[in-house]
Amino acid sequence: STGKILHFNSAAPIMLGLTSDELLGRTSIDVRWSCVKEDESPFLGSDHPAMITLKTGEAQKNVIMGINKLDGTFSWIQINTIPFKSEYRYTDAAVLCTFVDVTTEIVKKKKLALSELQLKEAQAVAQVGSWSMNVHDEGMTLSEEMFNIFPINNNSGPSKYENLICYVHPEDKIHLEQANLVSIKNHTSYSCKVRIIHPNKIIWIEARGRFVHNPEGKLVQRYG
């Protein structure tokens with residue numbers, strides 16, 4: 001019930017930043033652990049995967065834990081646990097716990113998340129939206145600011161080109177379509193000022209786009 005560590009391989013102390021003597025007999029609820037969850041909130045000993053498996057008899061899969069080591073370094077590990085299988089039955093008296101170092105993957109993931117947040121905030125401040133389009137089905141990926149520029153619902157399902165173009169003022173739609181065609185033909189980008197019709201107002205925007213062609217000259221992607 002205490003989650004006492006009884007056996008481990010030679011890699012475990014190294015990954016946890018402890019000596020073999022320090023690790024042997026230590027429990028999951030030992031106050032000396034300094035661990036965090038993936039969102040960097042405290043990871044209480046009672047919530048450690050091994051403790052959950054001891055309590056419930058259920059395996060825990062791919063749990064991310066951050067470890068503040070005694071030498072001042074920090075690393076991320078991914079933990080899997082299974083209840084120890086005796087000859088006759090599963091028992092909650094013991095747990096097999098395996099873990100791998102995923103520091104590089106988690107750091108990259110967090111950097112990407114931070115970059116996306118910074119882009120989102122920058123676009124909100126500048127009132128600039130961005131999009132990309134799959135040319136095969138005209139499915140679009142929109143930045144969050146696009147849902148402020150166009151009167152569309154973020155929860156309305158996959159976006160299509162037709163879902164946006166229908167809000168362009170009829171007088172401007174022709175110019176936008178012509179700019180698109182010229183850009184596709186000449187492999188150039190375009191810029192076109194158009195009006196967007198909202199339920200209670202009309203706003204002007206500058207629509208910009210570029211097209212990506214493969215080496216054979218076929219259009220494969222659209223951005224704007």
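Reply: Contact means heavy atoms within 4.5 Å. This is a predicted model, in which local features need pLDDT of at least 70 and side-chain atom pairs count only at pLDDT 80 or more, whereas totals for chains, interfaces and linings use all residues. Residues are numbered from 1 along each chain as its sequence is written, and side-chain values use heavy atoms, without hydrogens or water.

Me: Leaving aside neighbours within four places in sequence, which residues is methionine 140 in contact with?

Reply: Methionine 140 then touches Trp131, Ser132, Met133, Ser159, Lys160, Tyr161 and Leu164.

Me: How is a nonpolar core read, and which residues have the most contacts inside the largest one?

Reply: In soluble globular proteins, nonpolar side chains tend to be buried together. A nonpolar core is a set of buried Ala, Val, Leu, Ile, Met, Phe, Trp, Tyr and Cys residues joined through side-chain atoms within 4.5 Å; buried means under 20% relative accessible area (1.4 Å probe, protein chains only). Here the largest core has 23 residues, and Trp131, Met140, Leu142, Phe150, Leu164, Leu176 and Val194 have the most contacts inside it. Strand 8 supplies the largest share, four residues; strands (E, at least two residues) are DSSP runs, numbered from the N terminus. A second, separate core of 13 residues includes Met15, Leu23, Trp33 and Val63.

Me: Which residues of helix 3 are buried?

Reply: Helices are likewise DSSP runs (H or I, at least four residues). In helix 3, residues 49–56, the buried ones are Pro49, Ala50, Met51, Thr53 and Leu54. Glycine 57 follows helix 3, with a positive phi near 75°.

How values were computed:
Buried < 20%, exposed > 50% of the residue type's maximum accessible area, 1.4 Å probe, protein only.
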